[in-house]
Amino acid sequence: MQLVYECNNEPVLTGDVVHVRNVPYVVERIVEPHKPSSSGRVWCRSMCEGKYFAEWFPSVIKATWTGRTDQGN
């Protein structure tokens, strides 16, 4: 299973810079789904705004999982 960006199918990697609401974040951690109904999570660190962390669903950074076997895809 791999998390990829929807726009180009490239893998999401720690250290990638993503933008959410025009704010840049660095991907710090990727958490795989733990059951079929889960979408997993992406932990990111803000590059501004006080350097806080955020935890999002992959869809927030426009990413999706490929190769999921737990959903019969």
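The structure holds 2 salt bridges, a salt bridge being a side-chain nitrogen of Lys or Arg within 4 Å of a carboxyl oxygen of Asp or Glu. The model is predicted; local features need pLDDT of at least 70, side-chain atom pairs count only at pLDDT 80 or more, and totals for chains, interfaces and linings use all residues. Residues are numbered from 1 along each chain as its sequence is written, and side-chain values use heavy atoms, with hydrogens and water left out.

Side chains of opposite charge can pair when their charged atoms come close. Strands (E, at least two residues) and helices (H or I, at least four) are DSSP runs, numbered from the N terminus. Glu 28 counts as partly exposed because its relative accessibility is 33%. Arg 45 is also partly exposed, with a relative accessible area of 25%. Here buried means under 20% relative accessible area, exposed over 50%, and partly exposed in between (1.4 Å probe, protein chains only).

A salt bridge also forms between Glu 55 and Arg 41, where the closest N and O atoms are 3.9 Å apart. Glu 55 lies in strand β5 (residues 53-56) and Arg 41 in strand β4, so the pair ties together parts that are 14 residues apart in sequence. Glu 55 is partly exposed, at 44% relative accessibility. Arg 41 is partly exposed as well, at 27%.

The overall fold was described next. The chain has 0 helices and 6 strands. From the N terminus on, its elements run β-β-β-β-β-β. The radius of gyration, taken over C-alpha atoms, was compared with a globule rule of 2.2 Å times the number of residues to the power 0.38. For 73 residues, a compact globule would have a radius near 11 Å; the chain has 12 Å, which agrees. Along its principal axes, the C-alpha trace spans about 40 × 25 × 20 Å. Of the 73 residues, 33% count as buried. Contact means heavy atoms within 4.5 Å. Among contacts between residues at least 6 apart in sequence, 39% join residues at least 24 apart. The accessible surface comes to about 4700 Å², of which 50% belongs to carbon and sulfur atoms. Accessible areas come from the Shrake-Rupley method with a 1.4 Å probe; for residues, only the protein chains shown count as cover.

Asp 16 is found in the loop between β1 (2-5) and β2 (17-20). Asp 16 is buried yet has no salt bridge. The nearest side chain of opposite charge, Arg 45, is 12 Å away; Lys and Arg count as positive and Asp and Glu as negative, while His and the chain ends are not counted. The side chain of Asp 16 instead reaches the backbone nitrogen of Leu 13, at 3.0 Å. Leaving out residues up to four places away in sequence, Asp 16 touches Tyr 5, Pro 11, Tyr 25, Val 26 and Val 27.

Ser 46 belongs to strand β4. Ser 46 counts as buried because its relative accessibility is 0%. A polar atom of its side chain lies 2.4 Å from the backbone oxygen of Cys 48. Beyond four places in sequence, Ser 46 touches Val 23, Pro 24, Tyr 25, Lys 51 and Tyr 52.

Arg 68 lies in the segment after β6 (63-66). At 7% relative accessibility, Arg 68 is buried. A polar atom of the Arg 68 side chain is 3.3 Å from the backbone oxygen of Lys 35. Arg 68 and Ser 46 are 22 residues apart in sequence and 29 Å apart in space, C-alpha to C-alpha.

Positive phi values were found in loops. Asn 22, in the loop between β2 and β3, has a phi near 65 degrees, a positive value in a residue other than glycine. Asn 22 is exposed, at 76% relative accessibility. Lys 62 lies in the loop between β5 and β6. Its phi is positive, about 60 degrees, although Lys 62 is not a glycine. Lys 62 is exposed, with a relative accessible area of 57%.

Technical notes
A polar contact is a pair of N or O atoms within 3.5 Å; within protein, one must be able to donate a hydrogen and the other to accept it, and residues adjacent in sequence count only if both atoms are side-chain atoms.
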